[in-house]
Amino acid sequence: MALGRWIRTTRPRVMIAGVLAGALATILLLNFATPERRIQRLPAHQHGLADPQFRRELGVLLGPPLLEGNAAEHLENGEQIFPAMLGAIRAAQRTITFETYIYWSGEVGREFAQALDERARAGVKVHVLLDWVGSQKIESQLLQSMKDAGVQVQMFHPLRWYHLARMNNRTHRKLLIVDGREAFTGGVGIADNWNGHAQDPQHWRDSHYRVTGPVVAQMQAAFSDNWIKTTGVVLQGDGYFPALTGTGSASAQVFSSSPQGGAESMVLMYLMAIVASERTIDLSAAYFVPDDLTLKALTEALHRGVRVRILTPGPYIDAEVVKKASHASWGTLLAAGAQIYEYQPTMFHCKTFIVDQLLVSVGSTNFDSRSFRLNDESNLNVFDHDFAQQATEVFEADLGRAKRMTLQQWRQRPWHARVAEWAMDLFSSQL
């Protein structure tokens, strides 16, 4: 009798536990699954980047067309980046749209909040979209002050039951658009880590870019994409999308990617540019964990005689697991002739891709599977020799503060490092 009662009382608990375990497993699988449809083969090397056909295909396959008449300005480190962004915010007359992954409390966070507060109280429509995970370090008081001033603040994929299957999908986009006419994008987050001029390990090295011209409308569209996903509200009117005239000589496009649509756009852009390369590839990568297909594309470019230089973080990095997974793939590239460097003074957070001294791609995207297929990302592509030359000069200045890794050094790393790298490489699709 006692055994029967125990079975009758225990069975429901076991069933409930089983249901909960199954639900948790399903949620985990949904979060860690990459999109079903993936590029299986490399595009063929049919033409170079200077060929008009490459530009046509880039526009058609990625979505937004290349637009003429744009100007892009390099901003290096917080001492240049933050004053430029804050100056644009304080000069706003009609609208501000701002999306970022990291927004933390501190001196920089307070200064941005105060500038946004002041403009909202002055009647400017201010929309701020923060990633819920990336902005965990922001004080509730800072958020409340923005809301009290009239800033429309939203969190991307906050912890809610209806978001559980998408908690691994974060917005990593870094977009600031003012009055629909002036825009900023790049790698910088809103935190004190980026302040200064990369003068020590507490102040990170990064690049950001100020953009004007017709391409700003595409950047506004990228922001609007996630604003609609989060709020259901469409931003309209010439305060957001004014008529734009040319401000420079650069051809440019802004495109975005997301697991919910266009997940392969980012990796496709990189693959197309690598395959079309004929002379040089310079890549600044805060997190460099190439998948098999991009690794193959880079190796084939090297075999075609393309010089490939890759600059990554060195002793200072905020994600050691990513560094270990990255090292696991270096042997193939080094053996094929790639030059790989590790930046020494501080955390290196730049994300710059320069091909054949013509195409420069900048924005939020890291060179890893998380950026290519799991995050919401946005990049600016610029076709302009002068802009590419400036980007190359910045790249080479950073090389001057880096150490080169040789194939012999890579092969001689200790056994425990190899084991750790092998273990981390198993999870590379999530890094």
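What follows is a chat about this predicted model.

Mentor: Residues are numbered from 1 along each chain as its sequence is written. As this is a predicted model, local features need pLDDT of at least 70, side-chain atom pairs count only at pLDDT 80 or more, totals for chains, interfaces and linings use all residues, and side-chain values use heavy atoms, leaving out hydrogens and water.

Trainee: What pLDDT does the protein average?
Mentor: The average is 88, and 84% of the residues score at least 70. pLDDT is the predictor's confidence in each residue, from 0 to 100.

Trainee: Where does pLDDT stay under 50?
Mentor: Over residues 19–32. The model has nine contacts (heavy atoms within 4.5 Å) beyond four places in sequence for that stretch.

Trainee: New topic: how many helices and strands are there?
Mentor: There are 14 helices and 17 strands, taken as DSSP runs (helices H or I, at least four residues; strands E, at least two) numbered from the N terminus.

Trainee: And which residues of α3 are buried?
Mentor: N77, G78, I81, F82, M85, L86, A88 and I89. Buried means under 20% relative accessible area, with a 1.4 Å probe and protein chains only.

Trainee: Why are they on the same side of α3?
Mentor: Because they cover an arc of only 160° around the axis, taking the directions from the helix axis to the C-beta atoms.

Trainee: What do they pack against?
Mentor: Several elements, including β1 (67–76), β2 (95–100) and α4 (107–121).

Trainee: And how much of the protein is buried?
Mentor: Of its 431 residues, 56% count as buried.

Methods:
Buried means under 20% relative accessible area, exposed over 50%, partly exposed in between (1.4 Å probe, protein chains only).
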